[in-house]
Amino acid sequence: MSAPSAKFNQEYFGYIAGFPDGQICLFDHRAGAGLQHGAPFEDLQQFLLEELEVRPGFHLNSPLLVWFEITRRCNLSCPHCYIDAGQPREGEMTSSEILRLLEEMADMGVWAVTFTGGEPTMHPDFARFVQFARSKGLLVGIATNGMFLSEALLAQLPRDGVIISVSLDNLHIMNPRDANSDFKVAARAILRSRQMGFLTNVMTNTHKGNIDHVDSLLDWAKENRVSVRSVPFSPLGRGQQHLELENTPGDVQRAASFWVREKEWEHAYHNKSGLCVGTIFDYGETLGYLTRRCPSGRYLCYVASNGTVFPCTSCAATKILSPGTVIGKSFSSLWRSEWEIRRYSWDNFKSTCEGCVINRPEYYCASRCPAMSYARHGNFFSCGASNFQIQSTIVRTAMLQASNLGAKERYVQSNSSSGSEPRSL
């Protein structure tokens, strides 16, 4: 019997499987034997799921991706930090508790963990955690500011199945062409990581302070074969104290142009990197679109350094909708318990979205989000978007449809293994 060529989990509808090339699909129960025997996708294609029954409380039996905050300690105090990092949390987990949790995640079918913080490399056992996670077959992402990515630390980390994402936003002036810029601090960490054989990524928070420099950042990344993933500034965590950084409608054209270029480069990069944290996260967004539900708490989750579990990073930032803690309880039993957020879908936003210009099939709005609604309005079902985000969605969609990437995205959606419309029961 050959070894399985794909990561896969059995679900009530059949199987979810991720292949080495990065493709993730839903299959019916007939695919089980082929997946067990390592059959390639071509042999399993006949078993692609044609219709997904979306049950009440819909969630996967195991999360495929877990953001794992191993400490909230950080040497920086970035004004947009969603988790308000700096000081450690009270009662942070011990190293043995973290290792136990990683082992349980691997055993229950989690595919990937992203070590985050705070600054994860400040934890004295950081390298040990990465080594252990990979020894258990977990794919690993590392979300870091890069300041401690020395050659000695990197030499301790496995290369295969690990992607290093370095944050470039407020620590560094976002202009790599400026000879006086602190950009070189992070650039050295990124290039050192790439030269030592790691997949590398730039994370950036786009806002008023860097909107004029993000194109230059992307040019640098492409020149150096580094992927880019951006997130717009949100009023989460420390961002609540710096609302002046949020983009305004006047920034839409520049931000949208950058976003389309970023996505084109990201897709090209992922085509070469295969199954990794980035491709798994992206499929979670696709699954959310197909089921008309946020993937938070259904496909992925966030574990804080004191053991508190949240549906996602945004819920962790707003401290809402936690199902409990893993302290004194198994992660698997907690994940498979009832979560409040799993009772919610896009239907809860129906009255809020009526009359909105982007409440149309051609637009994907990610702002039907209880956490962003709570951050902006103090309740779960108001609009989570800013005026900038609404107008940006319109402009980005038009640009995307005109690009080669847009054609590819439409092909993927029209040929999705879970069908064009889920069947909700």
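User: Is the crossing in which H8 passes H14 left-handed or right-handed?
Analyst: This is a predicted model, in which local features need pLDDT of at least 70, side-chain atom pairs count only at pLDDT 80 or more, and totals for chains, interfaces and linings use all residues. Residues are numbered from 1 along each chain as its sequence is written, and side-chain values use heavy atoms, with hydrogens and water left out. Helices are DSSP runs (H or I, at least four residues) numbered from the N terminus, and a crossing counts as right-handed if the near helix is turned clockwise from the far one by less than a right angle. The way H8 passes H14 is right-handed.

User: At what angle do H8 and H14 pack?
Analyst: H8 covers residues 252-273 and H14 covers residues 387-401, and their axes (lines fitted to C-alpha atoms over the stretch in contact, with angles from 0 to 180 degrees between N-to-C directions) lie 9 Å apart.

User: Which residues in H14 does H8 meet?
Analyst: Contact means heavy atoms within 4.5 Å. From H8 come Val-252, Gln-253, Ala-255, Ala-256, Ser-257, Trp-259 and Val-260. By class, the contact of H8 with H14 has nine nonpolar, four polar and one charged residues. The partners in H14 are Phe-388, Gln-391, Ser-392, Val-395, Arg-396, Met-399 and Leu-400.

Technical notes
Helices (H or I, at least four residues) and strands (E, at least two) are DSSP runs, numbered from the N terminus. Ala, Val, Leu, Ile, Met, Phe, Trp, Tyr, Cys and Pro count as nonpolar, Asp, Glu, Lys and Arg as charged, and the others, Gly among them, as polar.
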